[in-house]
Amino acid sequence: SQRFTTARRKAAINAGQLEFVKRTECLTRSVSISLVDGTQEYDLETSITDFGWISKQGLSISVTDGTTTWYYEGDDLTPTSIERLNSEHPGWRGWTAGTPRYYYIDRNGGALNLGFVPAPDFDGDTAAVRVHAVIVPADLSADADEPFTVSSNAIRSLRMFHRALVYYAAFDLEKLRKDPQREGLFSQLFDAEIEKYTLASKPKGGQQIRMARDYRGEAKRGTGRAPDPRRYP
């Protein structure tokens, strides 16, 4: 009651929830932000109040002329930094607005800005960027609160990993007892839960390498050109 107070235990559980999200990116949100022609930077935390960082999915820009919609993503929209832009593209701030080729994050005072290079300009067509972000989980406070809850919706698929928060909390609190052996044990148990989540999240199926295009199959079916024997012996 003196060393492992209720307040400390609650804080450790919440720290475990945040660490699990940091290590796994299990809590994400996709938000669409309208782009304005000629406007280079957009405040992310205004649009995503629980923003942590951009997830592995990255960004996707959609543009519509009222009839057709097309997208810029993947290799068409490369993440970079202001330092790299300054080094590789001196004068980039003065580029004529057009189709963005790069995006960057700029922490400026109290703002966290998402910037595009060049600044977007789609000739009046409607454009928006969909940001796939890892979000910061809300702290648990009441006894009935459930971990990994977003906008009052508990993520049921993560219930099997709730014990990871307890392992992390035990690891964190054992520091107060200066017991490195027990501290190490609970750290390993937490890492094991991370590994379980990683394995469960992998696509199921074999690990065979397949060609992006089945030349021989196309030749047999008559749906494509036969492979050139000089290039594909």
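The side chains of serine 60 and glutamate 73 are joined by a polar contact of 2.6 Å, a polar contact being a pair of N or O atoms within 3.5 Å of which, within protein, one must be able to donate a hydrogen and the other to accept it, with residues adjacent in sequence counted only if both atoms are side-chain atoms. The model is predicted, so that local features need pLDDT of at least 70 and side-chain atom pairs count only at pLDDT 80 or more, while totals for chains, interfaces and linings use all residues. Residues are numbered from 1 along each chain as its sequence is written, and side-chain values use heavy atoms, with hydrogens and water left out.

Serine 60 lies in strand E3 (residues 51–64) and is buried, with a relative accessible area of 11% (buried means under 20%, exposed over 50% and partly exposed in between, for a 1.4 Å probe and protein chains only).

Ten aromatic pairs are found in a search of the whole structure; rings of Phe, Tyr and Trp (its six-membered ring) pair if their centres lie within 6.5 Å, and planes under 30 degrees apart count as stacked, over 60 as edge-to-face and the rest as tilted. Phenylalanine 20 and phenylalanine 148 form a tilted pair, at 5.6 Å centre to centre and 50° between the planes. Because phenylalanine 20 lies in helix H1 (residues 6–24) and phenylalanine 148 in the loop between strand E8 (126–135) and strand E9 (149–150), this pair ties together parts that are 128 residues apart in sequence; helices (H or I, at least four residues) and strands (E, at least two) are DSSP runs, numbered from the N terminus.
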